[in-house]
Amino acid sequence: MPNVVIVGTQWGDEGKGKIVDILTQSADVIVRFQGGPNAGHTVVVGEKQTILHQVPSGILHEGKQCIVGNGVVIDVETLINEINEVKAQGYFTDDASLLISEKAHLIMPYHKRIDLGREKKKGKNKIGTTGRGIGPAYEDKVCRNGLRFIDIFNDEVFRTKLETNLAEKNFYLRNYLDDEPFEVNEIFDLFTRLREKVRRYLGNAATFLHDSLQSSKKVLFEGAQGTMLDVDHGTYPFVTSSNTAAAQASLGCGIGPKHLDNIVGISKAYTTRVGAGPFPTELEDETGTFLRDVGGEYGATTGRPRRCGWFDLVTVNHAVRTNSITHLIITKLDVLSGLKTIKACTGYRCQGEILTDFPTDFQVLEQCEPVYEELPGWEEDVSKITSFDELPGAAKDYIKYLEEKTGIPVSMVSVGTRRAQIITLIDPFEK
Ligand code: GDP
Ligand code: IMO
Ligand code: MG
């Protein structure tokens with residue numbers, strides 16, 4: 001049985017949470033391997049909606065092991081709130097079903113203040129981050145100043161690291177961002193209280209995962225964000241601060257790449273983006289408003305309206321190559337019902353040339369115009385359809401068109417927020 005990696009192929013919010021929840025039925029272990037509370041993964045079960053930020057979306061199923069890998073950055077305070085909310089909804093009844101890597105780095109209060117302060121200072125040039133301290137936390141990890149989850153359980157190590165960090169952070173906050181500094185004791189006392197609520201989740205996630213793989217357990221890797229937000233392969237600098245691509249599933253939890261079998265790319269039937277940065281197929285007209293209204297396109301983490309546009313084959317094919325995608329899952333097909341025609345961008349016209357690779361140079365990108373192919377739309381409501389054959393002809397043709405243009409088989413089509421609103425063509429855990 002293969003292991004399955006889920007990645008977003010666009011700018012995030014493709015519906016990864018819903019798909020992870022569905023595929024969890026076939027998995028034993030569900031692992032988050034990068035990102036942090038910038039993620040907002042929505043799962044709808046019955047009348048209940050749950051938005052997961054740091055806890056894997058597999059947590060809504062009993063008897064599954066959820067893991068937060070070393071590649072994730074953790075905000076302990078918001079993690080405790082998230083755990084309490086999920087428990088209050090009646091899920092996550094066994095604390096042993098969550099294991100958090102002792103090597104995962106922590107988002108500290110100063111990371112959040114720096115993130116917000118920098119965005120404010122950048123003014124109209126801001127990235128539009130989620131303000132969750134993601135960038136500053138990953139920076140500290142890479143520059144070897146970071147605090148790891150394990151560090152807060154040793155008073156001496158924690159205090160020493162905190163003192164060293166605050167000397168630098170406070171200087172930066174006061175003198176560069178014109179903001180308030182922190183007291184060592186204020187953070188130390190806060191974390192010595194908080195740590196008792198999360199101590200039980202601390203462990204060696206890599207060893208656990210290794211043992212699970214040795215005993216042929218099936219692992220589902222849950223990516224956050226999307227390929228166009230990857231720090232290397234996305235629209236830099238308008239990206240997040242981690243590698244979101246499938247290969248990170250290996251490094252982000254401490255197992256080798258040979259265990260990453262099926263790479264499943266999730267794409268919306270159109271495109272959205274939240275935050276600033278290039279978006280060639282963006283629609284600032286009534287079709288864009290239609291997609292936002294019908295698709296409920298408001299950020300799951302920040303509530304910000306998402307920018308909406310047509311499906312972009314240039315970006316999705318970039319994701320196909322970057323991740324070695326083997327299966328494609330198309331979500332939110334139901335949102336397109338009622339549109340007379342549907343457009344898909346096949347390339348960017350730039351000074352008489354057609355580009356099919358996403359340009360690295362933003363000055364080139366600025367001169368690009370999307371080239372569209374038009375397909376007929378459909379009127380029918382597809383949200384109750386559970387088999388591909390029952391879809392309206394034009395909807396089937398659109399899916400087949402996306403398969404042909406990406407060269408990747410579509411394994412599932414999602415037609416609504418609920419678990420039952422799914423059409424399965426190929427089960428990614430089967431082949
Ligand atoms: P994620 O970050 O990739 O997990 O996606 P989000 O949860 O941020 O955003 C996806 C939104 O679309 C959520 O509100 C989901 O409930 C919703 N959703 C997922 N799949 C479908 C679908 O097939 N149709 C519709 N209408 N909504 C969907
Ligand atoms: P999920 O997992 C959509 C975007 C932010 C901003 C940029 C950098 O729900 O798909 P950051 O806070 O990471 O430094 O912000 O990345 N962003 C997301 N957009 N979905 C997400 O996660 C995102 N996580 C970050 O809006 O443009
Ligand atoms: Mg989201």
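Residues are numbered from 1 along each chain as its sequence is written, and chains are lettered from A and ligands numbered from 1 in the order in which they are written. In this predicted model, local features need pLDDT of at least 70 and side-chain atom pairs count only at pLDDT 80 or more, while totals for chains, interfaces and linings use all residues; side-chain values use heavy atoms, with hydrogens and water left out.

**Ligand 2**

Around ligand 2 there are 21 residues, of which Asp-13, Lys-16, His-41, Thr-130 and Thr-240 come nearest; a residue counts as near if one of its heavy atoms lies within 4 Å of the molecule. By class, this shell has eight nonpolar, 10 polar and three charged residues. Here Ala, Val, Leu, Ile, Met, Phe, Trp, Tyr, Cys and Pro count as nonpolar, Asp, Glu, Lys and Arg as charged, and the others, Gly among them, as polar.

Ligand 2 sits in the largest pocket. A pocket is found on a 1 Å grid over the protein atoms alone, as an open set of points where a 1.4 Å probe fits, with protein on both sides within 12 Å along at least five of seven lines; a molecule sits in it if more than half of its atoms lie within 2 Å of its grid points.

Polar contacts, meaning pairs of N or O atoms within 3.5 Å, are listed here for both ligands.

| Ligand atom | Protein atom | Distance |
|---|---|---|
| Ligand 2, oxygen | Lys-16, polar side-chain atom | 2.7 Å |
| Ligand 2, oxygen | Gln-225, backbone N or O | 2.8 Å |
| Ligand 2, oxygen | Gly-128, polar backbone atom | 3.3 Å |
| Ligand 1, oxygen | Lys-16, backbone N or O | 2.8 Å |
| Ligand 1, oxygen | Gly-17, backbone N or O | 2.8 Å |
| Ligand 1, oxygen | Arg-306, side-chain N or O | 3.0 Å |

The protein covers 93% of the 580 Å² of accessible area that ligand 1 has on its own, and 98% of the 550 Å² that ligand 2 has on its own. These areas come from the Shrake-Rupley method with a 1.4 Å probe.

**Ligand 1**

Ligand 1 sits in the second largest pocket. Helices (H or I, at least four residues) and strands (E, at least two) are DSSP runs, numbered from the N terminus. Of the 18 residues around ligand 1, Lys-16, Gly-17, Thr-42, Asp-334 and Ser-414 come nearest. The shell divides into three nonpolar, eight polar and seven charged residues.

**Salt bridge and backbone features**

The structure holds 20 salt bridges, each a side-chain nitrogen of Lys or Arg within 4 Å of a carboxyl oxygen of Asp or Glu. One of them pairs Arg-418 with Glu-47, the closest N and O atoms being 3.6 Å apart. Because Arg-418 lies in the loop between β19 (410-414) and β20 (422-424) and Glu-47 in the loop between β3 (41-45) and β4 (48-52), the pair ties together parts that are 371 residues apart in sequence.

A cis peptide bond, with omega of about 5°, joins Tyr-236 and Pro-237. Pro-237 is placed in the loop between β10 (219-222) and α8 (248-251). Ser-216, although not a glycine, has a positive phi of about 60°, and lies in the loop between α7 (205-214) and β10.

Conventions: Polar contact = N/O pair within 3.5 Å; in protein donor to acceptor, adjacent residues only side chain to side chain. 1 Å grid on protein atoms, 1.4 Å probe; cavity = no way out; pocket = protein on both sides within 12 Å on 5 of 7 lines; lining within 4 Å.
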